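Hello,

Here is the structure I promised to pass on. Have a look, and then read on for my notes.

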Amino acid sequence: MKKILAPSILSADFSRLSEQVDEVVVAGAEWIHVDVMDGHFVPNLSMGPVVVDALRKSFPSLFLDVHLMVEAPEKWITSFAKSGANRLTIHAESTPHVHRAIQMIRSAGLQAGIAFNPATGLDTLAYIVEDVDLVLVMTVNPGFGGQHLIPATLPKISEVRRKLIEYGCSTAHVQVDGGISLETLEQVMSAGANVIVAGSAIFEAAHPKERVQEFLSRF
Ligand SMILES: O=C(CO)C(O)[C@H](O)COP(=O)(O)O
């Protein structure tokens, strides 16, 4: 399956966000990953629709992959759709109404993804698999960039890949997020991930452009 690099702007320098995004996109990153945190679902606050709106204005055709680490994601779907997000990924743990929330995302004309925290099982997947185009396996506990990948999440990546085939949805993406570096990349790719989110490994590198090229050369 085609591999895609999605740099997470959580680790970018926000005083020159546009310049940083331009640099990684010119280097070959196909998607930009936007981490939205509400201070409730995760113990951190980050950005909202206004940032997606600004990115959309500066990069009209860039794929904006928005990861909602928020409670009750239903409340934010319309705002993010208006701001120009391409996909909204919600957490299986974030609402008792996962199926409804995914239908709302699709009705708003966006692609939908489902994310699982490191200690969450995959039972929900069976009930929504036909409505999502991406499954995000969190390889750290969400909330902060710069953490270490949790090795116990590696078998879950393979389990998701197996289940997608079993459910007849083999074209869905398997995304990984958290602690992905040049050192851990091979492990997650061999486990079955095809969409790689990387924040600190890219934006904290001395030369993000070269770091993106290094990632891509290993795909
Ligand atoms: O969702 C996230 C944290 O909750 C992230 O996307 C995070 O930014 C990944 O960062 P890093 O690559 O530095 O681990």
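This is a predicted model: local features need pLDDT of at least 70, side-chain atom pairs count only at pLDDT 80 or more; totals for chains, interfaces and linings use all residues.

Residues are numbered from 1 along each chain as its sequence is written.

In an unreviewed entry, UniProt lists His33, Asp35, His67 and Asp177 under "binding site". These residues span 145 residues in sequence, yet no two of their C-alpha atoms are more than 10.4 Å apart, so they gather at one spot. UniProt positions follow the numbering used here, feature names are shortened, and annotations may be inferred rather than shown by experiment.

Asp35 sits in strand E2 (residues 31–37), and His67 in strand E3 (residues 63–69); strands (E, at least two residues) and helices (H or I, at least four) are DSSP runs numbered from the N terminus. His67 is buried, with 27 C-beta neighbours inside 10 Å. The cut-offs are 20 or more other C-beta atoms within 10 Å for buried, 12 or fewer for exposed and in between for partly exposed, with C-beta atoms placed from the backbone. Asp35 is buried too, with 24 such neighbours inside 10 Å.

Asp177 belongs to strand E7 (residues 173–177) and is buried, with 27 C-beta neighbours inside 10 Å.

The unreviewed entry also has a "binding site" feature whose residues include Ser8, His67, Asp177 and Ser200. Ser200 lies in helix H8 (residues 200–203) and is partly exposed, with 17 other C-beta atoms within 10 Å.

Best wishes
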